[in-house]
Amino acid sequence: MATMADVARSAGVSVATVSHVLNGTRPVLPHTRQAVLDAVEELGYTTNTLARSLVTARTRSIGLAVSAISNPYFTEILQGVEATALEHGYSLLIADPHDDPEHERKVVQLLHERRVDGMIVAPSADPRGLLAYLGRHEVPAVFLDRLVDAPDGAPRFDQVCADNAEPTSRLVTHLAGLGHRRIGLVAGRPGLSTTSERITGYRTGLAFGGLPYDERLLVHGDSESAGAEQATAALLSLAVPPTALVTGNNAMTIGALRALRAHGLSVPGDIALCCFDDFAWADLFSPRLTAIAQPSRDIGAQAVRVLLERLAEPDRPARTERLPCTFVHRTSCGCPEDRGSPCGPSSPSSPSSLSSPRSPREEPSHDRRRR
């Protein structure tokens, strides 16, 4: 088996230079770097990761703790994390906390015991145990997708997520602009920052659309399909049900569609639908789903980059990064197929610049909605 010394002799450089090239610990001239890489390829040299970790006290591995890995949103985040980690020479250890605070603390401890250099975690609704463990052991960590507020307002850990409030507000304002006056929200699990921020966006959108907030039109689907199906059924049972729905994530969109089908309602003929989270088959539904697309892979990739910056500069202030979302305009909101942009000819950048709502359209009768 080839050694680092063999690579150095073949490339005509010192062992230290080979080490710098392979570990990225010091800039090396391009032609020297290429000579080393050519020698590595020719000799079939492989790094002894275990030996290197004993010397450097680094395993070049990252722990990733996210729930619902089967969810397409988190699957795409995982792809972004894995690709960027590999690009920087890091391997990935993955655990699913199942959105359970106690299990979350256990899997984080397990990853820590595996001596990962740092962690990327999507916190549960009650992250107190997680925060206590990470703080006590001074584990470098980045929170992903879901934010954790510090009591003094300054984040203790780096955080990377999408914008939540403004895009949700945009969906609501779009529906109000189409004449809807009773717009329901199927929100996620209480306690999650994504849920609270999307509720804030919902209420902001109502205000921009000149609509009052009605607490009966806000239900929680607990971020899952089954919960959203029940929550949507509850909305449909109101004496005056909503004429439009906004769902808080892709899983809840599926649940809401099941409930609408069970009640014999068509989208958008009987009820308009917009959803937070775009997914691969959203364009294949009939009608095609109007959605907010999160930059999932970019979120995962940026979380890795922020973690590596933290490892390089342990004492720098923690920061929170928000990545912008995209309004994907289709037809489930009730707009015609050939309408090229949300809310008319122009594509406004914020709810304040959206066109004023049109006059209310006739709302379906109670009997029609139960057909």
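Tutor: A residue counts as exposed when its relative accessible area is over 50%, and as buried when it is under 20%. Note that this is a predicted model.

Take His98 as a test of that cut-off. His98 has a relative accessible area of 53%, so it is exposed. It lies in the loop between β2 (91–95) and α6 (101–113). Its backbone deserves a look too. Phi of His98 is near 60 degrees, a positive value in a residue that is not glycine.

Glu138 belongs to the loop between α7 (128–137) and β4. With a relative accessible area of 69%, it is exposed.

One more backbone detail belongs here. Val267 and Pro268 are joined by a cis peptide bond, with omega about 0 degrees. Pro268 sits in the loop between α11 and β9 (272–276).

The protein chain has 12 helices and 12 strands. Of its 371 residues, 50% are buried. Take the contacts in the chain with a separation of 6 or more: 70% of them join residues 24 or more positions apart.

On to the rings. Two values describe an aromatic pair: the distance of the centres and the angle of the planes. A search of the whole structure turns up 3 aromatic pairs. One of them is Phe143 with Phe157, a tilted pair at 5.1 Å centre to centre and 45 degrees between the planes. Phe143 is in strand β4 (residues 141–144), while Phe157 is in the loop between β4 and β5 (158–162). The two are 14 residues apart, and the pair links distant parts of the chain. Both Phe143 and Phe157 are buried.

Tyr202 and Tyr213 also form a pair. Their ring centres are 6.5 Å apart and their planes stand at 80 degrees, so the pair is edge-to-face. Tyr202 is in helix α9 (residues 193–208), and Tyr213 is in the loop between α9 and β7 (218–220). The pair therefore ties together parts that are 11 residues apart in sequence. Tyr213 has 34% relative accessibility, so it counts as partly exposed.

Charge meets ring in this model as well. The charged end of Arg203 sits over the ring of Tyr213, 3.7 Å from the ring centre. So Tyr213 has two ring partners to follow on screen: Tyr202 in the edge-to-face pair and Arg203 over its ring. Elsewhere, Arg198 lies over the face of Phe276, at 3.8 Å from the ring centre.

Next, helix against helix. Helix α2 (residues 15–23) packs on α3 at an angle of about 90 degrees, and their axes are 10 Å apart. Angles from 65 to 115 degrees count as roughly perpendicular. That is why α2 and α3 are described as roughly perpendicular to each other. On the α2 side, Thr17, Val18, Val21 and Leu22 take part; on the α3 side they meet Thr32, Arg33, Val36, Leu37 and Val40.

Beyond its neighbours within four places in sequence, Thr32 touches Val13 and Thr17. The C-alpha atoms of Thr32 and Val18 are 9.3 Å apart, for a gap of 14 residues along the chain.

Compare the packing of helix α10 (residues 225–236) with helix α11 (residues 250–262). Their angle is about 45 degrees and their axes are 7 Å apart. Hence α10 and α11 are oblique to each other. The crossing of α10 past α11 is right-handed. From α10, the residues involved are Ser225, Ala228, Glu229, Thr232, Ala233 and Leu236. Their counterparts in α11 include Ala251, Met252, Ile254, Gly255 and Ala256.

Finish at Ser296. It is in helix α12 (residues 296–312). A relative accessible area of 5% means that Ser296 is buried. Setting aside neighbours within four places in sequence, Ser296 is in contact with Tyr73, Glu76 and Ile77.

Terms used: Residues are numbered from 1 along each chain as its sequence is written. This is a predicted model: local features need pLDDT of at least 70, side-chain atom pairs count only at pLDDT 80 or more; totals for chains, interfaces and linings use all residues. Side-chain values use heavy atoms; hydrogens and water are left out. Rings of Phe, Tyr and Trp (its six-membered ring) pair if their centres lie within 6.5 Å; planes under 30 degrees apart count as stacked, over 60 as edge-to-face and the rest as tilted. Helices (H or I, at least four residues) and strands (E, at least two) are DSSP runs, numbered from the N terminus. Buried means under 20% relative accessible area, exposed over 50%, partly exposed in between (1.4 Å probe, protein chains only). A charge sits over a ring if NZ of Lys or CZ of Arg is within 6 Å of the ring centre and within 35 degrees of the ring normal. Axes are lines fitted to C-alpha atoms, for helices over the stretch in contact, and angles run from 0 to 180 degrees between N-to-C directions. Angles under 35 degrees count as roughly parallel, over 145 as roughly antiparallel, 65 to 115 as roughly perpendicular and the rest as oblique. A crossing is left-handed if the near helix is turned anticlockwise from the far one by less than a right angle, and right-handed if clockwise. Contact means heavy atoms within 4.5 Å.
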